[in-house]
Amino acid sequence: MAAEGWSERVRKLLKAMNSFHRAGSSKALCFPFMVAGQQVGYVPPAVAKCLHQYPTVFSVSQRDEALPCVDLNKQLTSCDQRTAAVQRVLKELKAQQAFPCLKGWRDEMYNVMPYFCDTPFFRMERAATPLLGVKRYGAHLNGYTWRNDEMHMWLARRALNKSTYPGLLDNLAAGGISSELGVRETLIKECQEEACIPASLATLSKSVGTISYTYEGSDGGIYPECQFVYDLELPEEFVPRVGDGEVQEFYLWSLDKVREAIGSSDFKPNCAMVALDFLIRHSYIQPDQESHYVELVEGLHQSL
């Protein structure tokens, strides 16, 4: 049997990262998660069953009802009330070791709202977000420079002690957007912490769009994610340095080598998508040479 080509491998990556909305997923079995009459997530059946134990916080309707859903108690009317109530439940579930994702508890809060532009309904522990299938947001940086008139990209390799995707390739800097920070603020923070990029340089980064996808994790959680993408042209003499220990080393690679890595298992999946988006936007991948061009572009921008 012939080895899979690059296009086929990348198409498989995009299908896996958009698995929740594909045929055969658990989507039809999940309960819409409602707050104040608006849907903010999807709750897997095993989680919904567990939330029955907390009727003062969650109301779980039955599967045989016309509109089964998980509703946050309507008597919790403020952001702070909802945050405190949900946090109490999550801490109990963590103590019970009820779900694998809670082993990665970070004491980092994410905002929960229908759309990014909306006022948050409440805040919750980052590690627990897959249990309620709420949207997660992050900021990612493509750092590039020129060598002998050819564009090269800086990539990071994640530390081996990372709780998720240890040792895999990553974008130059990236991080989730916690409840107290804005998008660019997050980006500049991650640039400084992970790659020792000074704020004076990181502020020159250009916002170039987003990628978005929803997948089912091996832990049974639902991951709807949107990454805000930035490009930064770095001086030829600039070399990133390991900062907070989340990265073990950095590489400066030609776009040919980056392309090959995107089609391998050596790249953290969503970071491979960010790098793919870069190659498409900078015309390294073009429709006359890539027959699946439209499918690749669509796979990077799925509605949450």
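Good morning. Among contacts between residues at least 6 apart in sequence, 64% join residues at least 24 apart, where contact means heavy atoms within 4.5 Å. This is a predicted model, in which local features need pLDDT of at least 70, side-chain atom pairs count only at pLDDT 80 or more, and totals for chains, interfaces and linings use all residues. Residues are numbered from 1 along each chain as its sequence is written, and side-chain values use heavy atoms, with hydrogens and water left out.

I begin with the overall fold. The protein has nine helices and 13 strands; these are DSSP runs, H or I of at least four residues for helices and E of at least two for strands, numbered from the N terminus. Its radius of gyration is 20 Å, close to the 19 Å from the globule rule for 304 residues, so the protein is as compact as a globular protein of that length. That radius is taken over C-alpha atoms, and the rule is 2.2 Å times the number of residues to the power 0.38. Along the principal axes, the C-alpha atoms fill a box of roughly 65 × 45 × 35 Å. Of the 304 residues, 53% count as buried, that is, under 20% relative accessible area with a 1.4 Å probe and protein chains only; exposed means over 50%, and partly exposed lies in between.

Next, the domains. The assignment gives domain 1 (15-20 + 136-300) and domain 2 (25-131), with bounds from an automatic or database domain assignment. Their C-alpha centres lie 29 Å apart. Across the boundary, 18 residues of domain 1 are in contact with 20 residues of domain 2.

I turn now to individual residues. Most residues other than glycine have a negative phi. Gln 97, however, has a positive phi near 55°. This residue lies in the loop between α3 (79-95) and β5 (109-112) and is exposed, with a relative accessible area of 68%. Cys 196 also has a positive phi, near 55°. Cys 196 sits in the loop between α5 (183-195) and α6 (199-202), and at 22% relative accessible area it is partly exposed.

Finally, Gly 217 is found in the loop between β11 (206-216) and β12 (222-233). Gly 217 counts as buried because its relative accessibility is 17%. Its C-alpha atom is separated by 18 Å from that of Gly 299, 82 residues apart along the chain. Thank you.
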